[in-house]
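Here is a short report on one protein model. Look at the structure first, then read on for its strands, its cores and its confidence.

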Amino acid sequence: MAEEIRWDPEAIDYIRSRGDRYPGADRIEPDWTQEVMQDVDLLALEPDPKSRMGASRFIGHSRSAGRVIVVIAYRDLDGDLHGINAWPATGADLTLYQQGDDDGQDD
């Protein structure tokens, strides 16, 4: 079973207001991030090498959004995930997801 990401009201408002901060950008729905976590091809970077606070980066496909999404979350002391941010995957994140977990060796 996939992990659940918990979103507080402020974080939900933040990911839903992407279009206000970035003209033409789509808002992100919390339900889409749950679909990301259920993606069998989910790429999980724990911790995210780009994070200064030790947050995790999850890259996966959301069926409802029809695209790959990046989700940033942190683990509390109990191991529960709490959403910080989310956006449509582009550039390096999208390439990482499309390449998958292929280390060049046969399974």
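## Strands, cores and confidence

Strand β3 (residues 56-62) and strand β4 (residues 67-75) run antiparallel and are joined by seven bridges. This is a predicted model. Across the pairing, F58 stands opposite V71 of β4. The hairpin of β3 and β4 has four residues between the strands, and G66 there takes a positive phi near 70°.

β4 also pairs with strand β5 (residues 81-88). These two strands run antiparallel too, joined by seven bridges. V71 has its bridge partner A86 in β5. The hairpin of β4 and β5 has five residues between the strands, and in it G79 takes a positive phi near 90°.

| Hairpin | Residues between the strands | Glycine with positive phi |
|---|---|---|
| β3 and β4 | four residues | G66, near 70° |
| β4 and β5 | five residues | G79, near 90° |

In a regular strand, side chains alternate between the two faces of the sheet.

**The helix α3**

Is helix α3 mostly covered or mostly uncovered? Helix α3 (residues 30-38) is mostly covered, with seven of its nine residues buried. The buried ones are P30, W32, T33, Q34, E35, V36 and M37. They pack against β1 (5-6) and α1 (9-16). They also pack against β3, β4 and β5.

**The nonpolar cores**

Which residues have the most contacts inside the largest nonpolar core? They are W7, I69, V71 and A86, in a core of 14 residues. Two or more residues of this core come from each of α1, α3, β4 and β5. A second, separate core has eight residues, including L43, A55, I72 and Y97.

Take I69 as one member of the largest core.

N85 is found in strand β5. Why does N85 count as buried? N85 counts as buried because its relative accessibility is 17%, and the cut-off for buried is under 20%. Leaving aside neighbours within four places in sequence, N85 is in contact with W7, Y14, I15, V70, V71 and I72. W7 and V71 are among the residues with the most contacts inside the largest core, and I72 belongs to the second core.

A11 lies in helix α1. A11 is buried as well, with a relative accessible area of 8%. How far apart are the C-alpha atoms of A11 and N85? They are separated by 7.0 Å, with the two residues 74 residues apart along the chain. Beyond four places in sequence, A11 is in contact with G83 and I84.

**Rings and charge**

R21 lies over the face of Y14, at 3.7 Å from the ring centre. How many aromatic pairs are there? The count comes to zero, with ring centres required to lie within 6.5 Å for a pair.

**Confidence**

The protein averages a pLDDT of 90, and 93% of the residues score at least 70. Where does pLDDT stay under 50? It stays under 50 over residues 103-107. For residues 103-107, the model has zero contacts beyond four places in sequence. Where pLDDT is low, the predicted coordinates should not be read in detail.

Technical notes:
Residues numbered from 1 in each chain as written. Predicted model: local features only at pLDDT ≥ 70, side-chain atom pairs only at ≥ 80, totals over all residues. Heavy atoms only, no water. Pairing = 2+ DSSP bridges. Phe/Tyr/Trp six-rings, centres within 6.5 Å; stacked < 30°, edge-to-face > 60°. Lys NZ or Arg CZ within 6 Å of the ring centre and 35° of its normal. Buried < 20%, exposed > 50% of the residue type's maximum accessible area, 1.4 Å probe, protein only. Contact = heavy atoms within 4.5 Å. Core = buried A, V, L, I, M, F, W, Y, C linked by side-chain atoms within 4.5 Å. pLDDT = per-residue confidence, 0-100.
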